[in-house]
Amino acid sequence: MSTLIKASHVVGFDGTDHVIHRDGCVVYSGDTVVHAGGPYDGPVDEVIDAGLALVGPGFIDLDALADIDHAILDTWHGPGTAGGLAWSEDYFARRHAVFPPHDTLFMREYALTQLIRNGITTAMPIAAETHSAWAESYEEFAGVAEIAGRLGLRMYLGPSYRSGVPVLRADGSRDVLWEPELGERGLADAIRFARDFDGAHDGRLRGVLLPCRIETLTPGLLRATAEAAAELDCLVRLHCMQGETELALLSRWYGKHPLEVLEEAGLLGPRLIVPHARYLDPGQVGRLAALAGIAHCPLTSVRYGDALHDFDAYRAAGVNVALGTDSFPPDMIRNMDYGNNLAKLVTGRLDAGSAADYYRAATLGGARALGRDDLGRLAPGAKADLTVVDLSGPRVGPVDDPIRTLLMNCGGADVTTVVIDGRVVMRDRVIPGVDESAMRERAQDYFDRMKAAYSERDHLRRPGAELFPASFREVS
């Protein structure tokens with residue numbers, strides 16, 4: 001079956017870069033784009049007229065939120081509550097999963113539908129292990145694979161694993177407590193998952209290794225991860241260079257910067273994707289050019305009071321910069337806008353972090369990190385992954401350059417239609433088979449129970465009202 005989507009603005013690809021076609025159209029047959037540009041007079045089975053809209057390649061999210069609370073709760077603290085969301089030393093010994101498996105899988109499905117609603121067509125998930133007994137499991141991610149397949153998402157999947165857990169000791173100091181055998185077991189599960197699910201659902205699912213933060217892995221597990229990735233010929237994503245606590249711990253344990261730890265483990269190379277990658281000297285930035293890419297997450301960074309220094313310098317050093325949302329909601333448009341504005345703020349230059357470069361990062365940069373020249377662009381032979389953003393709403397205002405208008409005047413709520421692998425997974429803001437009202441009600445119940453569980457893990461056992469004080473006093 002062939003489909004033609006026409007709109008006032010189409011983001012095509014000329015073999016080198018994105019180009020804008022006014023009153024353009026995209027035609028796809030099966031799972032493949034056959035035309036992206038001006039008028040098309042060939043036969044098609046269906047025509048979708050998007051009107052005043054921007055049709056572009058689907059966004060690629062390499063740190064895609066796959067839970068609910070990640071930024072709603074842990075990026076804001078009331079007075080005296082900083083650090084209260086980490087596991088306490090006491091809880092480490094009595095830890096348990098907060099939710100049964102069916103609730104955890106509901107949370108995953110809820111999060112994955114949010115990716116689609118925000119125009120994300122390819123995702124590599126990230127979720128906090130805060131509410132689990134240790135990390136993610138093979139069984140859980142077999143369920144995630146089924147959900148992703150049913151929804152039609154293109155995903156790079158694997159259960160997380162770690163050798164230790166960051167804790168807050170009774171005296172308020174930060175440390176990591178270890179159970180290395182659980183890390184080894186987790187890697188074995190991740191390898192098994194990659195072998196079992198790579199290529200599933202018509203090739204939309206790919207196996208990757210997704211260990212947790214660098215300070216939660218032993219040197220042995222880091223080396224074993226590098227060896228497994230070489231054997232599986234797959235990518236690794238590892239969070240590192242993202243905070244001062246991480247740097248202090250690695251320096252105390254090994255006397256090394258994270259880059260040195262990665263290099264000694266055999267991970268500093270073209271299989272590795274590093275989210276954040278902010279804490280390194282300017283002279284070291286060029287070393288990141290050896291990686292598949294970094295997953296820059298500007299919206300989450302600023303919620304933690306931080307920013308990349310600086311986006312343009314990374315790109316000039318040859319670093320492949322892709323994007324991740326790493327927040328709820330996973331609004332990639334808002335994410336790009338924050339990045340564009342933060343780049344101006346940290347450099348003092350109005351030309352810093354251009355809208356075009358952030359759009360490239362959300363599309364071409366992600367595709368390059370994945371080693372895919374059939375994603376992140378609309379051109380003949382590319383996968384039929386595309387996103388339609390409505391530009392006709394009264395809140396959008398006049399349309400200037402459509403990419404700048406997208407970043408400055410639009411958001412994820414303006415995404416109307418999403419196509420992945422030639423399948424319409426959302427049309428007119430409706431995801432087939434998803435009861436939005438029922439899902440929202442269940443998500444609220446899940447969130448309330450999840451929020452209440454923080455008190456049990458808190459090193460002072462503070463009640464929720466103290467950990468999460470309301471913005472204003474509630475009155476009846």
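Analyst: Start with the terms. On a 1 Å grid over the protein atoms alone, a pocket is an open set of points with protein on both sides within 12 Å along at least five of seven lines, while a cavity is a set where a 1.4 Å probe fits but cannot get out; lining residues have an atom within 4 Å of a point. A volume is the space filled by probe spheres set on the points, with grid points joined across faces, edges and corners. The second largest pocket holds about 580 Å³ of space. This is a predicted model, where local features need pLDDT of at least 70 and side-chain atom pairs count only at pLDDT 80 or more, but totals for chains, interfaces and linings use all residues. Residues are numbered from 1 along each chain as its sequence is written, and side-chain values use heavy atoms, leaving out hydrogens and water.

User: Which residues are closest to the centre of the second largest pocket?

Analyst: Ser132, Ala135, Glu136, Ser137 and Glu140 are the closest, out of 28 lining residues. Helix H2 (101-117), helix H3 (138-151) and helix H4 (180-197) each give two or more residues to this lining. H2 gives the most, with 5 residues. Helices here are DSSP runs (H or I, at least four residues), strands are too (E, at least two), and both are numbered from the N terminus.

User: What makes a residue of that lining nonpolar, polar or charged?

Analyst: Ala, Val, Leu, Ile, Met, Phe, Trp, Tyr, Cys and Pro count as nonpolar; Asp, Glu, Lys and Arg count as charged; the others, Gly among them, are polar. On that basis the lining of the second largest pocket has 15 nonpolar, 6 polar and 7 charged residues.

User: How many cavities of 30 Å³ or more are there in the whole structure?

Analyst: The search finds 2. The largest cavity has a volume of about 60 Å³. Among its lining residues are His296, Asp310, Phe311, Leu342 and Tyr358. H10 gives the most to that lining, with 4 residues. The classes are 8 nonpolar, 2 polar and 1 charged.

User: What lines the second largest cavity?

Analyst: Its lining is Leu54, Gly56, Pro57, Phe59, Tyr359, Thr387, Val389 and Leu406. The space is about 40 Å³. Strand S4 (46-57) and strand S16 (386-390) each supply at least two lining residues, and S4 gives the most, with 3. The lining has 6 nonpolar, 2 polar and no charged residues.

User: Why is H10 called roughly perpendicular to H12?

Analyst: Axes are lines fitted to C-alpha atoms, for helices over the stretch in contact, and angles run from 0 to 180 degrees between N-to-C directions. Angles under 35 degrees count as roughly parallel, over 145 as roughly antiparallel, 65 to 115 as roughly perpendicular and the rest as oblique. Helix H10 (residues 332-347) and helix H12 (residues 402-409) pack at about 95°, with axes 7 Å apart. So H10 is roughly perpendicular to H12. Ile333, Met336, Asp337 and Asn340 of H10 make the contact (heavy atoms within 4.5 Å) with Leu406, Leu407 and Met408 of H12. That contact has 5 nonpolar, 1 polar and 1 charged residues.

User: What makes H2 oblique to H13?

Analyst: The axes of H2 and helix H13 (residues 436-452) cross at roughly 125° and come within 10 Å. That angle therefore makes H2 oblique to H13. Contact residues include Phe106 and Tyr110 of H2, and Met439 and Tyr446 of H13. By class the contact has 6 nonpolar, 2 polar and 6 charged residues.
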